[in-house]
Amino acid sequence: METLEKPALTQEEQFQARIDADVRIEPKDWMPEAYRKTLIRQISQHAHSELVGMLPEGNWITRAPSLKRKSILLSKVQDEAGHGLYLYSAAETLGASRDQMLADLHSGKAKYSSIFNYPTLSWADMGCVGWLVDGAAILNQVPLCRTSYGPYARAMVRVCKEESFHQRQGFEVMQTLCEGAPAQKEMAQEALNRWWWPTLMMFGPKDSESPNTEQSMKWRIKRFTNDELRQKFVDMMVPQAEFLGLTVPDPALKWNEERKAYDFGEVNWEEFWQVVKGNGLCNADRLQARVQAHEEGAWVREAALAHAAKRKAREGVGA
Amino acid sequence: MNQAEWPLWEVFIRNKQGLDHKHVGSLHAADATMAIQNARDVYTRRLEGVSIWVVESTHIHASNPDDAEAFFDPAADKVYRHPTFYDVPDSIKHM
């Protein structure tokens, strides 16, 4: 008799086999604890970034140069709130609690994208945030539509559908300034000078210094490495800056015919880590604004619960 | 002070008349009315819906994914439930 006995796959091997076959993982499926933890960390950080991301742009809503720009900016900020909510809801399917995630943000334990710790000094910064920052976000987010965890992937599909408007309106702001008076064009150039390098930092540390990348790629949470995406971004953006007649503030930037890609200078990693550690220009302001909004909203949350309880009790009496 | 979280609600949206309501995600709200209003703001900012259902998440009961194989097994060997199981002569039309 032939023995057909194969060594049984462990739960973890079965899980990896499903990932390798591109089968999505859903909330109640078995998953390694580290997969769950990594996802909660990544999704909640992403949600926090959307939430904090409302602040630098909210700064300009009352001072937008026209009613059209004001309506657009308001819609964009509402979208960021929506994106945060899609993502928190995805993280909750993994067993994370909303209150705990917010508490971690407010205590500084949880991180959010460092880009939002830079100030938005002029109206041209609104252009750069849309064009560059959202452009970078799209590059990060499009591959996440195929990430291995179902609820995260579905949330990202919704986010990506909306993000494209964000980038286009930013480009339009830049284009309008660049086609305007010399002072407007100068304002656009200054904004690009301020935002270019921080935007490159959005893709995270170099691959050689990103310890989580390998495992995240294996679990198909991430589909591209930080450096791959950073290169893609530069290649995508340089021609757009040229179209606008703006100069990318990187003396080392040069087309490499052999690689069919741009060579570019080294990011200031010292600055990157300083901002991550909380020492950026606006870290304290951003957190303070978040905590204040949360605390000042506490009575509303309580009142709504009390009201709901009262109505329920009344309905109970009537029944 | 009441520190309780608002309950979690699952949101289902009908994209347009004639289609099913489809699950789109969840949100927190104090009661059903607020859940529907929040669902409108979170999930239909671009006319994605003409109708919204909300259900408190605690009221959803689901099949267990660990039992999925055995649970759905009864349908696995019944190929004759599909029209392609049957050979129809070429000369027969409209079948």
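**Reading the interface of chains A and B**

Guide: This is a predicted model. Across the interface of chain B and chain A, 12 residue pairs are in polar contact, both partners at pLDDT 80 or more.

Visitor: How many salt bridges are counted between chain B and chain A?

Guide: A salt bridge pairs a side-chain nitrogen of Lys or Arg with a carboxyl oxygen of Asp or Glu, within 4 Å. The count between chain B and chain A is four. One joins the side chains of Arg45(B) and Glu162(A), at 2.8 Å from N to O.

Visitor: How many residues of each chain are in contact?

Guide: Chain B contributes 23 residues, in contact with 24 of chain A. The two chains bury about 1,900 Å² between them. Carbon and sulfur atoms carry 50% of that area.

Visitor: Now a single residue. Is His59(B) buried or exposed?

Guide: Exposed means over 50% relative accessible area. His59(B) has 54%, so His59(B) counts as exposed.

Visitor: Where does His59(B) lie?

Guide: Look in the loop of chain B between β3 (51-56) and α2 (68-72). For scale, take Asp87(B), 28 residues from His59(B) along the chain. Their C-alpha atoms are separated by 46 Å.

How values were computed: Residues are numbered from 1 along each chain as its sequence is written. Chains are lettered from A and ligands numbered from 1 in the order in which they are written. This is a predicted model: local features need pLDDT of at least 70, side-chain atom pairs count only at pLDDT 80 or more; totals for chains, interfaces and linings use all residues. Side-chain values use heavy atoms; hydrogens and water are left out. Contact means heavy atoms within 4.5 Å. Buried area is the accessible area (1.4 Å probe) that two parts lose on being put together, summed over both. A polar contact is a pair of N or O atoms within 3.5 Å; within protein, one must be able to donate a hydrogen and the other to accept it, and residues adjacent in sequence count only if both atoms are side-chain atoms. Helices (H or I, at least four residues) and strands (E, at least two) are DSSP runs, numbered from the N terminus. Buried means under 20% relative accessible area, exposed over 50%, partly exposed in between (1.4 Å probe, protein chains only).
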